[in-house]
Amino acid sequence: MFITMAWSADSKRLVVVTADRSRPSGERSADKSSLLLWQWEKDRIEASSTLAVRMNKVRTSSLNGKFCVSTLEQQHIKLWLLEETGLRAQTLFSTQENCDYFVDHQWAHSELINNRRVGKQEKLTSDLTEHPGLNSQSSSQIILAATTHSKQNTEPRNVIFVIEVAKSSPCIERSSKIEVPAVEGHLQALAIHSRGFCVAGTLGLFAVYECQKDRGCPYALLRCSNVVSVFEGPSPTWSELAMTTSGAVLVARAKNSGLYSINLEQLYTSRGSGDFSSEGFVSLPQKNSVHEGAILGMDISVHKPLVATCGVDNTIRVYDYTRKCCELIHDDSKPGCENTPNCISLHPCGLQLAVGYAECLRLFSILFRTLK
């Protein structure tokens, strides 16, 4: 079963994680997963590796000019380096004694931040330019979201780990921990952008952080709250966040309740400790284009204003977040055949779409109102 995937920054490789479900879930080997590195233009597997644990998230990056992959397990982040003999793994960061599980992570390179600028109107602030973690030539940075348990308090706490990784020899130079304020819910997702990052989770939990010069505490909290007043029904469970190319708009996937575009500039200018305003969260139009059931996967294009989703209704949908409309719907339903897409990844150019199913991986071309 294909469970998650990610394109490399140069668009030449697709990294795929599969889970072995050939045995009953009660057996230990049922959670075995494989990491595959696919050179899609040559249509061949470049390297692969198998672990006896499940990898939940995969990200691509580069260290010292060399391609690398990071994978997230419940209690570890592993770094995979591509060598002549294949993929070499090393544990980069492990859980603390009281940590329950890791939920999401992303790389924050100075190169990545600079690539998100669009024209002269989107200049980096002086704080970000001088930020030691993001602009250091000798290190890169990983932002890690986690939920922890302590012996003194049975209620889980949400924390953010900021990990600086040396580029020359992949190891941790330093790490710091940020505790998310004690609001209801636990973290599920995060997204990095040019001014900082956002984290979100269950019961509408949503928090916004901004870069600052203090290397001991590189990010400052701007706002943290359970999003309640924005929605008519129960507070949403934010299960995935994705950043647009310009870094001005965040797209959030709410479990069982659709997609929302979030104006980051408004979140940063309307500072305060109260609830978020409804103007900041805009639902992508769902009329005649809503998934019948839960959305299982979401991804955003780097160079086009497109968001792609797949769901339990066996459909794939592509949205234009600037026009706030659904561009196309592809139905994979077949009579008597279970063909549910489990994960999805848009090629950076926005012209191809990789979709993972239980037994196969399919690559679609995005044409006018259709997939081929």
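The questions and answers below concern a predicted model.

Me: How many disulfides does the structure hold?
Reply: A disulfide needs a pair of cysteine sulfur atoms within 2.5 Å. By that criterion, the number of disulfides in the structure is zero.

Me: Is C224 buried or exposed?
Reply: The limit for a buried residue is under 20% relative accessible area. C224 has a relative accessibility of 10%, so C224 counts as buried.

Me: Which strands stand at the edges of the open sheet of four strands?
Reply: This sheet has the order 1-2-3-4, and its pairing is antiparallel.

Me: Which residue of strand 3 stands opposite V16?
Reply: Strand 2 (residues 13-19) and strand 3 (residues 33-39) run antiparallel and are joined by seven bridges. In strand 3, the residue opposite V16 is L36.

Me: Is N158 buried or exposed?
Reply: N158 is part of strand 11 (residues 157-166). Its relative accessibility is 5%, and buried means under 20%. N158 therefore counts as buried.

Me: Which side chain makes a polar contact with the side chain of N158, and at what distance?
Reply: Not counting residues up to four places away in sequence, N158 touches several residues, among them A146, T147, I178 and L205. The polar contact between side chains is made with T147, at 3.3 Å.

Me: Which backbone nitrogen lies 3.0 Å from a polar atom of the side chain of N158?
Reply: The residues that N158 touches also include G185, H186 and L187. The backbone nitrogen at 3.0 Å belongs to L187.

Me: What distance separates the C-alpha atoms of I300 and Y319?
Reply: I300 lies in strand 21 (residues 295-300). At 10% relative accessibility, I300 counts as buried. Leaving aside neighbours within four places in sequence, its contacts include A242, V251, L306 and Y321. Y319 is 19 residues from I300 along the chain, and their C-alpha atoms are separated by 9.5 Å.

Me: How many aromatic pairs are counted?
Reply: Rings pair if their centres lie within 6.5 Å. The count by this rule is eight.

Me: What is the geometry of the pair F93 and F102?
Reply: The ring centres of F93 and F102 are 6.0 Å apart, with the planes at 25°. Planes under 30 degrees apart count as stacked. The pair is therefore stacked.

Me: What is the geometry of the pair F102 and F161?
Reply: F102 in strand 9 (residues 99-107) and F161 in strand 11 are 59 residues apart, and the pair links distant parts of the chain. F102 is buried at 3% relative accessibility, and F161 is buried at 4%. The centres are 6.4 Å apart and the planes stand at 65°, which makes the pair edge-to-face.

Me: Which residues form one aromatic cluster?
Reply: F102 is stacked with F93 and edge-to-face with F161. The cluster is formed by F93, F102 and F161.

Notes. Residues are numbered from 1 along each chain as its sequence is written. This is a predicted model: local features need pLDDT of at least 70, side-chain atom pairs count only at pLDDT 80 or more; totals for chains, interfaces and linings use all residues. Side-chain values use heavy atoms; hydrogens and water are left out. Buried means under 20% relative accessible area, exposed over 50%, partly exposed in between (1.4 Å probe, protein chains only). Two strands pair if DSSP finds at least two bridges between them. Helices (H or I, at least four residues) and strands (E, at least two) are DSSP runs, numbered from the N terminus. A polar contact is a pair of N or O atoms within 3.5 Å; within protein, one must be able to donate a hydrogen and the other to accept it, and residues adjacent in sequence count only if both atoms are side-chain atoms. Contact means heavy atoms within 4.5 Å. Rings of Phe, Tyr and Trp (its six-membered ring) pair if their centres lie within 6.5 Å; planes under 30 degrees apart count as stacked, over 60 as edge-to-face and the rest as tilted.
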